[in-house]
Amino acid sequence: MRKISDLEEKKLIVAYSMAKDEKNIGIEYVWRDWRTRWNDDFSVNGRALRRYNHQFVKSKTKAREMIRKGETDIYKYKEYDDLLAQICEWMETNYDNSISRQENVDILRRKLLEYKEECYGELYTLLKKSGLKGKGYRLQNAVSAKNVQDLGIYRISYKDGKGFTEYVQGTYEQIVNWMNEKAEVINRNE
């Protein structure tokens with residue numbers, strides 16, 4: 001399975017969204033909500049996976065043909081099914097049926113915002129440890145309580161004597177990767 005970036009934050013966003021909008025927690029609901037936001041996460045070689053017989057397949061038609069031929073081991077993308085099952089299990093564990101739906105929504109919203117703030121703190125620490133902060137790079141907190149269902153977008157800017165000359169923005173994992181690459185390049189050039 002291809003690595004899904006920002007998995008933890010995406011899981012929290014889907015849980016929050018479903019708590020607000022859905023009554024049922026199930027793999028099909030999670031998959032539908034996830035696919036609406038990040039369809040590429042469930043693609044293999046640029047082709048979206050499909051669900052057939054409650055399992056992921058690349059083509060429903062091919063899966064039906066294989067079953068007609070007597071082949072039973074047609075499901076090559078079990079990791080995606082396992083991922084969705086883990087997310088559903090997490091959501092069921094973290095959704096408290098003894099309180100109101102709105103209280104659950106508020107709890108999940110708070111967890112999501114806390115996670116985004118934690119990511120910001122980790123990025124700030126990495127910026128300092130990498131030495132980029134001392135070289136003029138600044139991290140801007142773009143975590144917004146308004147757009148809680150969007151992936152957190154973090155910005156790094158570089159300021160020299162002439163002003164801001166470089167801007168980079170991306171999700172948590174994109175910024176971590178950029179900082180590691182940039183610090184490596186700067187250290188190599190020194």
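A search of the whole structure, which is a predicted model, finds one cavity of 30 Å³ or more, where a cavity is a set of points on a 1 Å grid over the protein atoms alone at which a 1.4 Å probe fits but cannot get out. Local features need pLDDT of at least 70, side-chain atom pairs count only at pLDDT 80 or more, and totals for chains, interfaces and linings use all residues. Residues are numbered from 1 along each chain as its sequence is written, and side-chain values use heavy atoms, with hydrogens and water left out.

**Cavity**
- The largest cavity has a volume of about 40 Å³, taken as the space filled by probe spheres set on the grid points, which are joined across faces, edges and corners.
- Its lining, meaning residues with an atom within 4 Å of a point, consists of Ala15, Met18, Ala19, Ile25, Met91, Tyr95 and Leu108.

**Aromatic pairs**
- The search of the whole structure finds eight aromatic pairs, defined by ring centres of Phe, Tyr and Trp (its six-membered ring) within 6.5 Å, with planes under 30 degrees apart counted as stacked, over 60 as edge-to-face and the rest as tilted.
- The rings of Trp31 and Phe56 have centres 5.5 Å apart and planes at 80°, so this pair is edge-to-face.
- Phe56 is buried at a relative accessible area of 0%, and Trp31 also counts as buried at 8%, the term meaning under 20% relative accessible area with a 1.4 Å probe and protein chains only.
- Trp31, Trp34, Trp38, Phe42, Phe56 and Tyr80 form one aromatic cluster.

Methods:
On a 1 Å grid over the protein atoms alone, a cavity is a set of points where a 1.4 Å probe fits but cannot get out, and a pocket is an open set with protein on both sides within 12 Å along at least five of seven lines; lining residues have an atom within 4 Å of a point. Buried means under 20% relative accessible area, exposed over 50%, partly exposed in between (1.4 Å probe, protein chains only).
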